[in-house]
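Dear colleague,

Here is the structure I said I would pass on. My notes come after it.

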Amino acid sequence: MNYVLIIEDEAATAAPVKEALEMDGIQVDVANDGNAGLKLFREKVYDLILLDLKLPGLTGEEVLSEIRKEDPFITVIVYTNYSNFADIKRLTNMGIDGYINKGPGADLNELLTVIENKLAPIDENA
């Protein structure tokens, strides 16, 4: 079983993602601010973190920095409304594994596909 941590302050955004992932047999925890997200990350082993950037408490960038200090290998996908190229480049240099815009026109199925692909075991034949 895979474990995903969603760090997202908007319940209306986190809830459908959580529900869809759980329907696929993935266990999901949700934190609604940066501090709570970092606390959950430290208490449990996750396979993937879905991280918003604009959060109460610690920002998503601060959370990412702390996560990378403790685990440079966990998959982190940034899921946010902000799409400034300089920010994305900086986050990529900090070690994100993907970036998905959750703004207008965002596609839940696209997000689920990205997450499931990141969680899929490595195929030796690929």
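This is a predicted model: local features need pLDDT of at least 70, side-chain atom pairs count only at pLDDT 80 or more; totals for chains, interfaces and linings use all residues.

Residues are numbered from 1 along each chain as its sequence is written, and side-chain values use heavy atoms, with hydrogens and water left out.

Helix pair

Helix α1 (residues 11-23) packs against helix α5 (residues 108-119) at an angle of about 50°, and their axes are 11 Å apart. Helices here are DSSP runs of H or I with at least four residues, strands are runs of E with at least two, and both are numbered from the N terminus. Axes are lines fitted to C-alpha atoms, for helices over the stretch in contact, and angles run from 0 to 180 degrees between N-to-C directions. The two helices, α1 and α5, are therefore oblique to each other (under 35 degrees is roughly parallel, over 145 roughly antiparallel, 65 to 115 roughly perpendicular, the rest oblique). On the α1 side, Pro 16, Val 17, Ala 20 and Leu 21 meet Leu 108, Leu 111, Leu 112 and Ile 115 of α5, contact being heavy atoms within 4.5 Å. The residues of this contact divide into 8 nonpolar, no polar and no charged (Ala, Val, Leu, Ile, Met, Phe, Trp, Tyr, Cys and Pro count as nonpolar; Asp, Glu, Lys and Arg as charged; the others, Gly among them, as polar).

Salt bridges

A salt bridge is a side-chain nitrogen of Lys or Arg within 4 Å of a carboxyl oxygen of Asp or Glu; by this rule the count comes to 10.

One of them joins Lys 102 and Asp 52, at 3.2 Å from N to O. Lys 102 sits in the loop between β5 (98-101) and α5, Asp 52 in the loop between β3 (48-51) and α3, 50 residues apart. Lys 102 counts as buried at 11% relative accessibility, and so does Asp 52 at 3% (buried is under 20% relative accessible area, exposed over 50%, partly exposed in between, with a 1.4 Å probe and protein chains only).

Glu 61 pairs with Arg 90, the closest N and O atoms being 2.9 Å apart. Glu 61 lies in helix α3 and Arg 90 in helix α4 (residues 85-94), so the pair ties together parts 29 residues apart in sequence. Both count as partly exposed, Glu 61 at 27% and Arg 90 at 34%.

Salt bridges that share partners also join Arg 42, Glu 66, Lys 69 and Glu 70 into one network.

Regards
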